[in-house]
Amino acid sequence: MSDASTIHAQQLAYWNGPAVARWITKQELLDAAMAPVADAAIGLAAVQPGERVLDIGCGSGATSIALARLVGRRGKVTGLDVSEPMIEFARRRSAGIENLEWLLADAAVHEFPLSSTDLLFSRFGVMFFGDPVSAFANLRRALRPSGRLVFACWRPLSENPWALVPLQIVQTLVPPGPPPGLDEPGPFAFSNPERVKHILSGAGFSHPRFSRFDFPMVLGANLDDAAEQATTMGAASRALQGQPEAIIAAARSAVRAALVPYVEPGRVALSGAIWLVESSAG
């Protein structure tokens with residue numbers, strides 16, 4: 001296997017592994033935390049009644065459900081993900097929505113009907129391809145000539161205290177892991193706009209445009225919830241993988257203390273920073 005295919009296979013395994021249970025268990029909290037991102041991306045997409053939309057990396061389905069409401073009865077939304085547990089959860093939570101279907105498939109290689117889609121949409125679902133140019137080229141074939149692409153991706157880790165602060169605390173307690181490669185899939189893989197422009201232009205998309213969007217990333221309703229969230233999901237969680245329970249408990253306590261300055265009435269929130277990316281079929 002090539003490096004790209006190996007990395008891609010690892011992503012497929014992760015999103016069908018035991019870690020996904022945490023995402024599903026916390027889905028209500030995550031949907032609420034990510035609501036500003038979903039609203040901003042969907043607003044930018046300017047979805048119209050009757051359109052056909054493909055929601056890439058739809059996860060447990062919150063954005064797909066919102067998009068289905070906007071396209072109306074004459075439109076159709078397909079929520080696509082590689083994670084079977086998430087797709088099954090999404091299917092259950094959307095029972096009765098007739099213009100919404102779920103597709104368990106790999107967007108990088110799935111044979112989509114040609115020119116069948118008005119909008120390719122994603123909230124944090126496109127940064128995990130082993131070969132992103134090939135994957136986006138495959139997705140582009142599904143777009144109609146007038147079709148468009150809109151997605152949200154994280155800006156650099158340094159601009160995202162919600163992830164950086166817990167990670168820095170954890171790194172004082174565990175040996176530092178190898179830094180991710182510049183082209184390695186992951187949450188911050190699309191933080192460099194020049195790289196994303198190169199990927200999209202290489203896949204046949206035209207005129208990629210980037211808009212900054214900042215929002216309060218809510219980690220929890222209180223310090224205990226926030227510390228648990230920060231150490232079971234995200235960069236700090238990955239740094240703690242395989243560590244003894246005593247180290248994990250110590251990290252959670254230290255992260256809790258570090259989050260005290262970010263307590264607000266009813267929530268613990270740190271800054272989140274993303275790119276809203278839009279492009280056309282070319």
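These notebook entries record what I looked up in the structure, which is a predicted model.

**Entry 1. Strand S2 and its neighbours**

I began with strand S2, which covers residues 76-81. Is S2 mostly buried or exposed? Five of its six residues are buried, so the strand is largely enclosed by the rest of the structure.

I then looked up the pairing of S2 on each side. With S1, strand S2 pairs in the parallel sense, over five bridges. In this pairing, I found Val53 opposite Val77 of S2. S2 is also joined to S3, again by five bridges, and these two strands run parallel. Within that pairing, Thr78 has Glu101 of S3 as its bridge partner. Leu80 stands opposite Leu103, which also belongs to S3.

Next I followed the chain from strand to strand. Which helix does the chain pass through between S2 and S3? The path goes through helix H5, residues 84-93, and this β-α-β crossover is right-handed. I noted a right-handed β-α-β unit for S1 and S2 as well, with helix H4, residues 62-71, as its helix.

**Entry 2. The second largest pocket**

I turned to the second largest pocket, whose space comes to about 240 Å³. Which residues lie closest to its centre? Of the 13 lining residues, they are Thr78, Glu101, Pro113, Ser116 and Thr117.

I then asked which elements contribute to the lining. S1, S2 and S3 are the elements that give two or more residues each. The largest share, three residues, comes from S1. By class, I recorded six nonpolar, four polar and three charged residues in the lining.

**Entry 3. Helix H9**

My next subject was helix H9, residues 223-232. Why can H9 be called largely enclosed by the rest of the structure? The reason is that seven of its 10 residues are buried. I listed them as Leu223, Ala226, Ala227, Gln229, Ala230, Thr231 and Thr232.

I also examined both ends of the helix. At the start of H9, a side-chain oxygen of Asn222 comes to within 3.2 Å of the backbone nitrogen of Asp224. After H9 comes Gly234, which has a positive phi near 90°.

**Entry 4. Thr231 and its contacts**

I took one residue of helix H9, Thr231, for a further look. Its relative accessibility is 5%, and Thr231 counts as buried because the cut-off is under 20%. What lies 2.7 Å from a polar atom of the Thr231 side chain? I found the backbone oxygen of Ala227 there. Ala227 is itself among the buried residues of H9.

An α-helix has 3.6 residues a turn, so residues three or four places apart point the same way.

The side chain of Thr231 has a further partner: a polar contact of 2.8 Å joins it to the side chain of Arg252.

**Entry 5. Two residues with positive phi**

Ala46 has a phi of about 50°. For Ser115, phi is near 50°.

Where in the chain is each of them found? Ala46 is in the loop between helix H3 (27-45) and strand S1 (52-56). Ser115 is in the loop between strand S3 (100-104) and strand S4 (117-123).

I checked how accessible they are. Ala46 has a relative accessible area of 40% and is partly exposed, because this value falls between the cut-offs of 20% and 50%. Ser115, with a relative accessible area of 39%, is partly exposed.

Is Val150 buried or exposed? With 2% relative accessibility, Val150 counts as buried. I then compared its place in the sequence with its place in space. Val150 and Ser280 are 130 residues apart in sequence, yet their C-alpha atoms are 8.8 Å apart in space.

How values were computed
Residues are numbered from 1 along each chain as its sequence is written. This is a predicted model: local features need pLDDT of at least 70, side-chain atom pairs count only at pLDDT 80 or more; totals for chains, interfaces and linings use all residues. Side-chain values use heavy atoms; hydrogens and water are left out. Helices (H or I, at least four residues) and strands (E, at least two) are DSSP runs, numbered from the N terminus. Buried means under 20% relative accessible area, exposed over 50%, partly exposed in between (1.4 Å probe, protein chains only). Two strands pair if DSSP finds at least two bridges between them. A crossover is right-handed if, with the strands pointing away from the viewer, the path from the first strand over the helix to the second runs clockwise. On a 1 Å grid over the protein atoms alone, a cavity is a set of points where a 1.4 Å probe fits but cannot get out, and a pocket is an open set with protein on both sides within 12 Å along at least five of seven lines; lining residues have an atom within 4 Å of a point. Grid points are joined across faces, edges and corners, and a volume is the space filled by probe spheres set on the points. Ala, Val, Leu, Ile, Met, Phe, Trp, Tyr, Cys and Pro count as nonpolar, Asp, Glu, Lys and Arg as charged, and the others, Gly among them, as polar. A polar contact is a pair of N or O atoms within 3.5 Å; within protein, one must be able to donate a hydrogen and the other to accept it, and residues adjacent in sequence count only if both atoms are side-chain atoms.
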